[in-house]
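Please look over the sequence and the structure shown here. The notes that follow go through a few residues, grouped by topic.

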Amino acid sequence: QVQLVESGGGLVQAGGSLRLSCAASGRTFSSYVMGWFRQAPGKEREFVAHIRGSGAITYYSDSVKGRFTISRDNAKNTVYLTMNSLKPEDTAVYYCAATQSLGWSTRGRATSFDYWGQGTQVTVSS
């Protein structure tokens, strides 16, 4: 029903910035809560941020708060993750995800999201 395609990953030096994009299919993009997750080799998939349909309410993991910004352009069916002050520990495959509902108790959980992109690699060198 919803197809997600991430782009914008790459290699960046520590302290640098990247902006990831996630393009979504469908006519009801504005009704979805959108999230970003990341997964490093050998580690669990980790929550990064989510944004509700209007874009007014966002939520971040403690590890990225103050450095990353999630935003969306509903007219373009696109969600973004702007990453500043990147650290080597930010290196991971970053995934875009979507869900039509997200409760307070399940926020930050990968299992709360129903649709996923294929991911884009972000590598931060020291």
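**Briefing on selected residues**

Ser 105 is exposed, with a relative accessible area of 56%; exposed means over 50%, buried under 20%, and partly exposed in between (1.4 Å probe, protein chains only). The model is predicted, so local features need pLDDT of at least 70 and side-chain atom pairs count only at pLDDT 80 or more, while totals for chains, interfaces and linings use all residues. Residues are numbered from 1 along each chain as its sequence is written, and side-chain values use heavy atoms, with hydrogens and water left out.

**The loop between β9 and β10**

- Ser 105 sits in the loop between β9 and β10; strands (E, at least two residues) and helices (H or I, at least four) are DSSP runs, numbered from the N terminus.
- Between the C-alpha atoms of Ser 105 and Asn 74 there are 26 Å, and the two residues are 31 apart along the chain.
- Leu 102 is also placed in the loop between β9 (92-99) and β10 (115-116).
- Leu 102 is buried, its relative accessible area being 9%.
- Val 33 is 69 residues from Leu 102 in sequence, but their C-alpha atoms are 7.1 Å apart in space.
- Setting aside neighbours within four places in sequence, Leu 102 is in contact (heavy atoms within 4.5 Å) with Val 33, His 50, Arg 52, Arg 107, Ser 112 and Phe 113.

**The loop between β6 and β7**

- Arg 67 belongs to the loop between β6 (58-60) and β7 (68-73).
- Arg 67 is buried, with 12% relative accessible area.
- From its side chain, Arg 67 reaches the backbone oxygen of Ser 85 at 3.0 Å.
- Not counting residues up to four places away in sequence, Arg 67 touches Thr 82, Met 83, Asn 84, Ser 85, Leu 86, Lys 87 and Asp 90.

**The disulfide**

- A disulfide is a covalent bond between the sulfur atoms of two cysteines.
- Here the term is applied to a pair of cysteine sulfur atoms within 2.5 Å, and searching the whole structure finds 1.
- The disulfide joins Cys 22 to Cys 96, with an S to S distance of 2.1 Å.
- Cys 22 is in strand β3 (residues 18-24) and Cys 96 in strand β9, so the pair ties together parts that are 74 residues apart in sequence.
- The link of Cys 22 and Cys 96 is left-handed, with -80 degrees about the S-S bond.
- Cys 22 is buried at a relative accessible area of 0%, and Cys 96 is buried at 0%.

Technical notes:
Polar contact = N/O pair within 3.5 Å; in protein donor to acceptor, adjacent residues only side chain to side chain.
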